[in-house]
Amino acid sequence: MPTNQTFRIRTMKTRFRRFNDVSMSERILNTLFLLAIGAGYLFALANLYYTHQARDGEAGLSIKDIMIAYHGASSKTRLEAAVTGIMEPNLRYKSDKDVILRWLRDGATEAGYQERVSPILNRDCVVCHNPASNPTLPNLTTYEGVSEVAHAGGASLPALVRVSHIHLFGIAFILYFIGRIFLLCHMNPVLKRIIVAIPFLAMFLDIAAWFITRYFPDFAYVVVMAGGLMGLSMGGQILISLYQMWFSAPHPASQPLSRRERVAECKMALEELGHELKETAHGWIIAGLGLEPVKITNLGDLEAFTRSLQIRHHQMD
Ligand code: HEC
């Protein structure tokens, strides 16, 4: 549904596409895509909640949960969680739990392991926890193996690398397509350049913060803020796009021009081609570049002539 009925000399070449230029079917496609992505994002938030909440032992998602996810808990190791939880029934004597917990709290040293802990594990745990019968379970037959679950871990480097590459590929696509639609908005171009870049920058920052949080737990705040910023800027792009697609006023460049503006456009276009437009009492005279001066009295004719010169010039290029 082109709203641009006026013939435009200059802007025809330089004008960018806006939502008013988009066909109804493309609007429907864009709208459904944006709605699907928006819904997907809400489910991603819910998923985030369920995977990270209560990592710190308390219901609900908190900054502590994020610190534990990426940095690891300083208070609770996997071994402690196991012997106070699902693995507890495997201990023959309840008192051995306290022996293990005390050893963990004292720094889980090798000497302490040899002296007090290995007899317990060898008796109650290694039946299952040995590499020969269950290679996927923590190996509790050696100090090295036990050490892996006896020190707080957080996200492992390979796990972070895996999630990062999936995240970058997947999200970059989503952000690109949302941004591509958003480019059709009519707004201050500087503002638009910034808004289009924000979600990508937030994504880079978010992923960098995952890795840093592994070593410095306080960076969990950056993880949360960058993630939030990405979500907000993405949501903003979606809402602005949906609004402008269905409710915005026509692009200023597709408004009819005043008589003076139309003459000014012809003048500028002709000057670009090396011609000169002189106003006379009865109309205009076009001269220059070895052209016989042409007299024109009607504005429509002036525009048509200007355009024919533009086309001819174009064909010579
Ligand atoms: C009957 C076999 C069996 C015995 C005996 C056993 N475990 Fe396990 N253990 C498992 C299985 C199976 C898993 C994996 C459970 C899961 O991933 O849900 C596991 C998981 C673990 C984990 C890892 C939990 C995590 O964070 O992923 C630890 C630590 C652990 N056991 C410690 C122990 C200790 C300590 C003992 C001895 C007191 C013990 N286990 C005895 C079968 C056993």
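Q: Hey, which residues of helix 8 are buried?
A: In this predicted model, the buried residues of helix 8 are Leu175, Ile178, Gly179, Ile181 and Phe182. A residue is buried if 20 or more other C-beta atoms lie within 10 Å of its own, exposed if 12 or fewer, and partly exposed in between, with C-beta atoms placed from the backbone. Helices (H or I, at least four residues) and strands (E, at least two) are DSSP runs, numbered from the N terminus.

Q: Good. What covers the buried residues of helix 8?
A: The cover includes helix 2, helix 9 and helix 10. Contact here is two residues with C-beta atoms, placed from the backbone, within 7 Å.

Q: And how far does helix 8 reach from its first C-alpha to its last?
A: Helix 8 has 26 residues and reaches 36 Å, close to the 38 Å expected at 1.5 Å a residue. The expected span is 1.5 Å times one less than the number of residues.

Q: How do the axes of helix 8 and helix 9 cross?
A: They cross at roughly 170 degrees and come within 9 Å. That makes helix 8 roughly antiparallel to helix 9. Axes are lines fitted to C-alpha atoms, for helices over the stretch in contact, and angles run from 0 to 180 degrees between N-to-C directions. Angles under 35 degrees count as roughly parallel, over 145 as roughly antiparallel, 65 to 115 as roughly perpendicular and the rest as oblique.

Q: Which residues make that contact?
A: On helix 8 they include Leu160, His167 and Phe182, and on helix 9 they include Val196, Trp210 and Arg214. The residues of this contact divide into 12 nonpolar, 3 polar and 1 charged.

Q: Switching topic: in the largest nonpolar core, which residues touch the most other members?
A: Those are Ile66, Tyr70, Ile178, Ala220 and Val223, out of 25 residues in the core. A nonpolar core is a set of buried Ala, Val, Leu, Ile, Met, Phe, Trp, Tyr and Cys residues joined through C-beta atoms within 7 Å. Helix 3, helix 8, helix 9 and helix 10 each give two or more residues to this core, and helix 10 has the largest share, with 7 residues.

Q: Where is Cys125 found?
A: Cys125 sits in the loop between helix 6 and helix 7. It has 20 C-beta neighbours inside 10 Å, so Cys125 counts as buried. Beyond neighbours within four places in sequence, Cys125 is in contact with Asn90 and Leu140.

Definitions and conventions: Residues are numbered from 1 along each chain as its sequence is written. This is a predicted model: local features need pLDDT of at least 70, side-chain atom pairs count only at pLDDT 80 or more; totals for chains, interfaces and linings use all residues. Ala, Val, Leu, Ile, Met, Phe, Trp, Tyr, Cys and Pro count as nonpolar, Asp, Glu, Lys and Arg as charged, and the others, Gly among them, as polar.
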